[in-house]
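Me: I have a protein model open and want to learn to read it. Can we go through it step by step?

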Amino acid sequence: MVYQDADLLVMMGIDTTGHHPGHVMVCPAEHHENLYSLPDRTLQRIALACRQVARAMVAVWAPDGVSLRQHNEPAGHQHVWHYHQHVNPRFEADRYGSAGRRPVPVLERARLARELRAALDMSHV
């Protein structure tokens, strides 16, 4: 876990696409299946949290860019039936999306969470 409050969860993803294992998910603490049912205030907080996570990624890991992703319904490639926003650090030639998914060991995820948490400023969320 990177960050948690009454409304939000920010956690390291259990896997990665590409070569850098910094995949983060930002989720509402309360269950909402997808974008359609998400209250406006929760969506606003998630968007602000994603921006703060992206800023922390840039500060800690110096990626060349950051990608955000979110899926709704089976045709939209939704596989987890709880709304979540993916935040991924991106690097030149990282083969994101074509390198396949690979699991990230628990200890590595814990280290990455500590690094990100130290740089994460959630006071603006």
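This is a predicted model: local features need pLDDT of at least 70, side-chain atom pairs count only at pLDDT 80 or more; totals for chains, interfaces and linings use all residues.

Me: How many helices and strands does the protein have?
Reply: The elements run β-β-β-β-α-β-β-β-α from the N terminus on. Count each kind along that order. The total is 2 helices and 7 strands.

Me: Why is the protein called as compact as a globular protein of its length?
Reply: The globule rule gives 14 Å for 125 residues. The radius of gyration of the protein is close to that value, so the protein is as compact as a globular protein of that length. The radius of gyration itself is 14 Å.

Me: What box do the C-alpha atoms fill?
Reply: The box is taken along the principal axes. Its rough size is 35 × 35 × 25 Å.

Me: What percentage of the residues is buried?
Reply: A residue counts as buried when its relative accessible area is under 20%. The protein has 125 residues, and the buried share is 43%.

Me: What share of the contacts joins residues at least 24 apart?
Reply: Take the contacts between residues at least 6 apart in sequence. Then pick out those that join residues at least 24 apart. Their share is 67%.

Me: How far apart are the mean positions of the positive and negative charges?
Reply: The protein has 13 positive and 13 negative charges. Take the mean position of each set.

Me: Is S67 buried or exposed?
Reply: S67 sits in strand β5, residues 65-69. Its relative accessible area is 19%. The cut-off for buried is under 20%. So S67 is buried.

Me: Which side chain makes a polar contact with the side chain of S67?
Reply: Leave out residues up to four places away in sequence, and S67 touches H86, V87, N88 and R90. The polar contact between side chains spans 2.9 Å. The partner is R90.

Me: Where does Q85 lie, and is it buried or exposed?
Reply: Q85 belongs to strand β6, residues 85-90. Its relative accessible area is 12%. That value is under 20%, so Q85 counts as buried.

Me: What is the relative accessibility of A49?
Reply: A49 is found in helix α1. Leaving out residues up to four places away, A49 touches L8, V26, M122 and V125. A49 counts as buried, at a relative accessibility of 0%.

Me: Is A59 buried or exposed?
Reply: A59 is also a residue of helix α1, which covers residues 40-61. Its C-alpha atom is 9.2 Å from that of L120, 61 residues apart along the chain. The relative accessibility of A59 is 61%, and the cut-off is over 50%, so A59 counts as exposed.

Me: What is the phi of A62?
Reply: A62 is in the loop between α1 and β5. Its relative accessible area is 54%, so A62 is exposed. A62 is not a glycine, yet its phi is positive, at about 50°.

Me: Where is E73, and what is its phi?
Reply: E73 is placed in the loop between β5 and β6. At 38% relative accessible area, E73 is partly exposed. E73 is a residue other than glycine with a positive phi, near 70°.

Definitions and conventions. Residues are numbered from 1 along each chain as its sequence is written. Side-chain values use heavy atoms; hydrogens and water are left out. Helices (H or I, at least four residues) and strands (E, at least two) are DSSP runs, numbered from the N terminus. The radius of gyration is taken over C-alpha atoms; the globule rule is 2.2 Å times the number of residues to the power 0.38. Buried means under 20% relative accessible area, exposed over 50%, partly exposed in between (1.4 Å probe, protein chains only). Contact means heavy atoms within 4.5 Å. Lys and Arg count as positive and Asp and Glu as negative; His and the chain ends are not counted. The place of a charge is taken as NZ of Lys, CZ of Arg, CG of Asp or CD of Glu. A polar contact is a pair of N or O atoms within 3.5 Å; within protein, one must be able to donate a hydrogen and the other to accept it, and residues adjacent in sequence count only if both atoms are side-chain atoms.
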